[in-house]
Amino acid sequence: NLMLNENNREAPDNVRTAEILTNPDVILKIENPSERQQIVAVQKKPELIAHLPFAGEKVQLSAVIVSAESVLLINDPTPTACFMAVEGILELDLLPDQCTLDAAKRLVLQMKKDKAEGKPDTAAIEKFLTEIKSFKN
């Protein structure tokens with residue numbers, strides 16, 4: 001019978017994972033959460049990705065699938081995570097070729113910058129749409 005107190009740092013991975021399912025914020029108290037724990041947390045509460053600076057691509061994708069906008073909270077989003085997010089945000093079906101992946105990453109970085117400066121992201125999105133149209137030809 002395992003005690004689930006906060007001081008029990010030795011609790012096995014799956015016990016902590018069960019705790020995260022109940023309360024995803026528990027992830028913030030775990031020093032080096034496993035990839036599985038991070039995925040469970042962001043699936044439950046995608047905005048937690050903001051507090052997981054070293055989240056790998058699987059974790060990023062798990063957050064973005066639940067909430068496309070959460071990509072703007074990712075410290076260093078991968079091109080694939082950016083691509084999935086941009087598809088979700090713009091409600092588009094895009095081809096994941098390298099040009100589009102790169103353009104999606106540029107768009108997300110610009111959107112993050114615009115958000116930080118309190119500017120609308122309309123211009124960035126229009127630029128992206130123009131760019132991907134040019135790839136198709």
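Student: How many residues does α5 have, and what distance does α5 reach from its first C-alpha to its last?

Tutor: Good place to start, and keep in mind that this is a predicted model. Helix α5 runs over residues 98-116. At 1.5 Å a residue, the expected reach is 27 Å, and the helix comes close to that.

Student: Which residue just after α5 takes a positive phi, and of about how many degrees?

Tutor: Look just past the end of the helix, at Gly118. The phi of Gly118 is positive, at about 70 degrees.

Student: Are α4 and α5 roughly parallel or roughly perpendicular to each other?

Tutor: The axes of α4 and α5 are 8 Å apart, and the packing angle is about 75 degrees. Angles of 65 to 115 degrees fall in one class, and α4 and α5 are therefore roughly perpendicular.

Student: Which residues of α5 make the contact with α4, and how do the residues of the contact divide by class?

Tutor: On the α4 side, the contact is made by Pro79, Thr80, Cys82, Phe83, Val86, Ile89 and Leu90. On the α5 side, the partners are Thr100, Leu101, Ala104, Lys105, Leu107, Val108 and Met111. Buried residues of α5 include Leu101, Ala104, Leu107 and Val108. By class, the contact of α4 with α5 divides into eleven nonpolar, two polar and one charged.

Student: How do the axes of α3 and α4 cross, and are the two helices roughly parallel or roughly perpendicular?

Tutor: The axes of α3 and α4 come within 9 Å and cross at roughly 5 degrees. Angles under 35 degrees share one class, so α3 and α4 are roughly parallel.

Student: Which residues of α3 meet α4, and what is the class make-up of that contact?

Tutor: From α4, the residues involved are Thr80, Ala81, Met84 and Ala85. From α3 come Glu57, Gln60, Leu61, Val64 and Ile65. The contact of α3 with α4 has six nonpolar, two polar and one charged residues.

Student: Which helices do the buried residues of α3 pack against?

Tutor: Start with the buried set itself: Val59, Gln60, Leu61, Ser62, Ala63 and Val64. These buried residues of α3 pack against α2 and α4.

Student: Is Ile74 buried or exposed, and which residues is Ile74 in contact with?

Tutor: Ile74 sits in the loop between α3 and α4. Its relative accessibility is 2%, so Ile74 counts as buried. The C-alpha atoms of Ile74 and Pro53 are separated by 7.2 Å, although the two are 21 residues apart along the chain. Leaving aside neighbours within four places in sequence, the contacts of Ile74 are Ile49, Gln60, Val64 and Lys112.

Student: Which residues of α2 meet α1, and at what angle do the two helices pack?

Tutor: Asp13, Asn14, Arg16, Thr17, Ile20 and Leu21 are the α1 residues in this contact. Their counterparts in α2 are Arg36, Gln37, Val40, Ala41 and Lys44. With axes 9 Å apart, α1 and α2 pack at an angle of about 10 degrees.

Student: Why can Arg16 and Glu19 be said to lie about one helical turn apart, and what is the N to O distance of their salt bridge?

Tutor: The two are three residues apart in helix α1, which means a separation of about one helical turn. Both count as buried, Arg16 at 6% relative accessibility and Glu19 at 12%. The N to O distance of their salt bridge is 3.4 Å.

Student: Which parts does the salt bridge of Lys58 and Glu35 tie together?

Tutor: The side chains of Lys58 and Glu35 meet at 3.7 Å, N to O. Lys58 lies in α3 and Glu35 in α2, so the pair ties together parts 23 residues apart in sequence. Lys58 is exposed at 54%, whereas Glu35 is partly exposed at 39%. The helices tied together are α3 and α2.

Key:
Residues numbered from 1 in each chain as written. Predicted model: local features only at pLDDT ≥ 70, side-chain atom pairs only at ≥ 80, totals over all residues. Heavy atoms only, no water. Salt bridge = Lys/Arg side-chain N within 4 Å of Asp/Glu carboxyl O. Helix = DSSP H or I, 4+ residues; strand = E, 2+ residues; numbered from the N terminus. Buried < 20%, exposed > 50% of the residue type's maximum accessible area, 1.4 Å probe, protein only. Contact = heavy atoms within 4.5 Å. Axes fitted to C-alpha atoms, helices over the stretch in contact; angles between N-to-C directions. Parallel < 35°, antiparallel > 145°, perpendicular 65-115°, else oblique. Nonpolar A, V, L, I, M, F, W, Y, C, P; charged D, E, K, R; others polar. Expected span 1.5 Å × (residues − 1).
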